[in-house]
Amino acid sequence: MTIDSATLQLLLDTLARFVKERLRPLESQVGKDDRIPDHIINEMKELGLFGLTIPEAYGGLGLNMSEEVAVARVFGHTSPAFRSTFGTNVGIGSQSLVIDGTEEQKQHYLPKMATGEIIGSFCLTEPESGSDAASVKTTAIKQAGHYILNGTKRFITNAPTADLFTVFARTNAEEKGSRGVSAFLVDRNLPGIQLSSPYRKMGQQGAPVCDVIFDNVSVPEDKLVGGKENVGFATAMKVLDKGRLHISAISVGIAERLIEDATRYAVERRQFGQAIADFQLIQAMLADSQTDAYAAACMVDETARRRDTGENVAVLAASCKLFATEMVGRVADRAVQIFGGAGYVEDDGIERFYRDVRLFRIYEGTSQIQQTVIAKDLIKRYR
Ligand code: COS
């Protein structure tokens with residue numbers, strides 16, 4: 001859907017107030033406790049955040065890509081763990097279903113995902129299949145109306161709290177590459193599913209990640225996404241195209257937050273008898289950060305707009321993710337530099353953002369994978 005601009009502005013203002021008044025005061029606590037408080041999760045549910053991108057017909061807000069990136073940017077103004085709480089329902093945990101699910105599958109799961117009653121999670125990565133996503137080894141063997149799943153999925157965001165896993169598994173053992181992979185909707189409570197302990201991570205405390213182990217898990221055949229075997233890899237890629245734009249928008253939001261914090265600090269902090277903001281070497285860091293963030297914002301808005309017109313934006317989304325996530329890494333680094341010693345200790349939270357943003361260059365496709373996607377497309381056009 002497309003909402004009118006006044007309604008969108010109202011939504012963005014409400015969410016900006018929620019971020020400022022409810023989430024920002026909790027950043028340090030969440031960083032220490034590694035947990036988002038339950039009352040905040042309930043407020044997120046009430047605001048409809050779990051259903052932002054789920055179509056209205058299934059109880060969500062049905063935001064289009066331009067609207068989604070605008071919301072993601074607002075959530076970039078606080079710790080990314082808050083966004084991650086509802087992020088899998090909005091993104092990789094629900095979109096396989098939204099994009100390629102059957103009508104029955106959508107009706108069964110999406111309304112509950114939209115309210116946050118069901119948390120979705122995306123199980124693609126494995127111990128031996130990371131960037132080479134087409135090489136998944138988890139198997140799904142058809143047997144009497146069921147698929148028997150065996151394998152391990154690694155570093156799965158929100159798996160500790162998930163009720164539904166979208167699992168990518170090999171249905172064709174003869175085909176080692178992308179053409180033998182299928183997507184399944186796997187309920188958490190099926191026998192044979194085990195979770196590892198949550199990982200202790202460099203950053204993004206409050207966004208739980210663990211491994212999911214499938215040991216002879218019997219999944220009814222009607223849980224095959226779209227009812228079609230061996231097309232799961234394309235589903236995963238379509239989901240990731242969208243996810244990459246979303247992560248790019250968050251990166252823009254975090255860069256804006258860090259520029260705001262660093263500028264305020266530079267204006268207040270005095271050295272050599274004047275505000276450090278008056279030194280041109282500090283100004284250069286602020287100006288470079290502002291320019292970086294603006295460039296990424298333009299890329300994200302333009303790519304989202306083009307996706308909304310129906311254009312295939314796979315390569316543009318890869319460009320956005322490459323630039324925006326590297327950009328926020330540079331901005332976070334400069335923010336630490338401007339804060340100096342105060343940026344290195346935990347009091348002002350700058351070091352926490354520095355650690356948090358590091359993940360953006362890795363998950364949903366590393367910077368090097370984005371470069372590969374972009375270069376492959378470019379070379380194909382000239383060969
Ligand atoms: N949309 C739809 N289909 C796509 C697609 C996209 N964006 N990208 C690829 N495909 C299709 C291709 O058209 C091809 O289909 P055919 O076999 O019918 O021709 C198939 O998928 C295989 O594509 P390709 O040959 O490009 O696959 P590769 O094995 O070379 O891998 C990369 C492609 C490396 C880009 C992919 O494996 C990737 O994105 N890896 C990173 C994984 C990732 O992001 N992991 C994060 C986990 S989630 S946090």
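Helices (H or I, at least four residues) are DSSP runs, numbered from the N terminus. The model is predicted: local features need pLDDT of at least 70, side-chain atom pairs count only at pLDDT 80 or more, and totals for chains, interfaces and linings use all residues. Residues are numbered from 1 along each chain as its sequence is written, and side-chain values use heavy atoms, without hydrogens and water.

**Exercise 1.** Describe the interface of domain 1 and domain 2.

*Solution.* Begin with the bounds, which come from an automatic or database domain assignment: domain 1 is 5-115, domain 2 is 120-229 and domain 3 is 234-382. The centres of domain 1 and domain 2, taken over C-alpha atoms, are separated by 23 Å.

Next, consider contact (heavy atoms within 4.5 Å): 22 residues of domain 1 touch 20 residues of domain 2.

Then take the buried area, the accessible area (1.4 Å probe) that two parts lose on being put together, summed over both. The value is about 1600 Å², with 56% from carbon and sulfur atoms.

Finally, ask which helices of domain 1 take part. α2 (27-33), α5 (80-90), α6 (95-100) and α7 (103-115) each supply at least two residues to the side that touches domain 2. Among these, α5 gives the most, with six residues.

**Exercise 2.** Find the salt bridges across this interface and in the whole structure.

*Solution.* A salt bridge requires a side-chain nitrogen of Lys or Arg within 4 Å of a carboxyl oxygen of Asp or Glu. Across the interface of domain 1 and domain 2 the rule gives zero, whereas the whole structure holds 23. One of the salt bridges joins R73 and E256 at 2.6 Å, N to O. R73 belongs to helix α4 (residues 65-75) and E256 to helix α8 (residues 232-268), so that the pair, 183 residues apart, links distant parts of the chain.
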